[in-house]
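Hi everyone, thanks for coming.

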Amino acid sequence: MKFDFLIIGQGLAGSLLAFELIQRGFKVFVIDNGLENASQVAAGLINPVTGMRFVKSSDVDVLLPFAKNHYQALERFFKQSFYIKKPMLRLLKNNKEIENARKRLDNPDYATYLSGIVENEKFGMVLEQQQTAYLLIVRLLVALKQFFISRQCYQQASLDYKEIKLSEFVSYQAIKAKQLIFCEGYLARDNPWFSYLPFQLVKGEILTLQHQQVPSSFLLNYGHWMIPLDDFNFRTGATFDRENINTQVTESGRDELLTSLKVIMPELAQAEFIKQQANVRPCTLDKQPFIGLHPRYSQLAIFNGFGAKGSLQIPYYAQQFVDFLSKKQNLSAKVDIQRMETRLPAVRD
Ligand SMILES: Cc1cc2nc3c(=O)[nH]c(=O)nc-3n(C[C@H](O)[C@H](O)[C@H](O)COP(=O)(O)OP(=O)(O)OC[C@H]3O[C@@H](n4cnc5c(N)ncnc54)[C@H](O)[C@@H]3O)c2cc1C
């Protein structure tokens, strides 16, 4: 079986990259181990203005319109909705936050993202944000997986690194490809070729709950966030844990999220528990993705490191990487793994 690209990982990164390559006429094969991944656990939140000081995410003016168009094109292709637009209310906890929010409102660069500060009768002073949304990632990944299966280019299996043979091509069992692209999310830490890259993995936990009184017309950000889904279901998250890098749910994670939710909406204290999930964000030392060819083995490539912002960043960089792989455009230096070359271990004789 001969392919242009063998892709390892069917999270959001591997899926959108494989789809883009197929759309451009390349022959692609995807292998994924079928375990629950970060993309399936993620809230898929897209929030252009974040942090204590309400700063625009890096490159959001470029990334957001691109992501929105891309997801809408996928909605037309699969005849399903994936990108759910909803305004966000950001609770302002003290005068310093109100002052910071006012400064941003006075800045014309923020005009498309922030609409005003109002006194909300339930939550007190809030900053109203627009252009916020969440992506139904599980639904999108199911549609993409079915698409790959229908083209006979998907296999559920755990890749065994030892079986990868490098020559002019890459061979893996019966598959021969010109290039292999690793899209393994946090499991890249075990990759013998790319584990030199400085990931800074962060575990996160999320709860899905149900309650008849959950507000449904906005996303709520109060340090943690609340995302209303259908049928009175909602999600709340997420925790940040840099010490325990695993996918186990914990009682402390659950307590943290429930405690902070109940402070803001005590009526949700009786919310019905639906599920708790945990996974690991593939964050990086310099907060930029890891994209590009291995410095020594150009048959091997990586598309990873989208941290806590995969939904916003992956569509744009998938397109940029496919342009690069088809020799139409260079990668931007800030995402190209060439920037990490001094970390590459020396070759032993
Ligand atoms: C709790 C939490 C909340 C988050 N919230 C948000 C959010 O609100 N908004 C947002 O944009 N992002 C969020 N993220 C981040 C988001 O999940 C990531 O940016 C994105 O999903 C990463 O996608 P990925 O494809 O790189 O990795 P993954 O989704 O982890 O996919 C990697 C895939 O590779 C497979 N794989 C790895 N190794 C092998 C192997 N050897 N053989 C076969 N298959 C293999 C894995 O099983 C997996 O399916 C959140 C993450 C977490 C954990």
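Let me start with burial: a residue counts as buried if 20 or more other C-beta atoms lie within 10 Å of its own, as exposed if 12 or fewer do, and as partly exposed in between, with C-beta atoms placed from the backbone. Keep in mind that this is a predicted model, in which local features need pLDDT of at least 70, side-chain atom pairs count only at pLDDT 80 or more, and totals for chains, interfaces and linings use all residues. Residues are numbered from 1 along each chain as its sequence is written.

Now, tyrosine 297. It has 14 C-beta neighbours inside 10 Å, so tyrosine 297 counts as partly exposed. Tyrosine 297 sits in the loop between strand S20 (290-293) and strand S21 (300-304); helices (H or I, at least four residues) and strands (E, at least two) are DSSP runs, numbered from the N terminus. Leaving aside residues up to four places away in sequence, tyrosine 297 touches Leu166 and Trp193, where contact means C-beta atoms, placed from the backbone, within 7 Å. Its C-alpha atom is separated by 9.8 Å from that of glutamine 179, 118 residues apart along the chain.

On to the helices. Helix H7 (residues 310-325) has 12 of its 16 residues buried, so it is largely enclosed by the rest of the structure. Among the buried ones are Leu312, Tyr317 and Leu325. Just after H7, lysine 327 has a positive phi of about 60 degrees.

What does H7 pack with? The axes of H1 and H7 come within 9 Å and cross at roughly 35 degrees. Axes here are lines fitted to C-alpha atoms, for helices over the stretch in contact, and angles run from 0 to 180 degrees between N-to-C directions. On the H1 side the contact includes Leu16, Leu17 and Glu20, and on the H7 side Ile314, Ala318 and Phe321.

H1 (residues 12-23) also packs with helix H5 (residues 137-150), at about 45 degrees and with axes 10 Å apart. That makes H1 oblique to H5: under 35 degrees is roughly parallel, over 145 roughly antiparallel, 65 to 115 roughly perpendicular, and the rest oblique. This time the crossing is left-handed. Leu12, Ser15, Ala18 and Phe19 of H1 meet Ile137, Leu141, Leu144 and Phe148 of H5.

Note on methods: Left-handed = near helix turned anticlockwise from the far one by under 90°. Contact = placed C-beta atoms within 7 Å.
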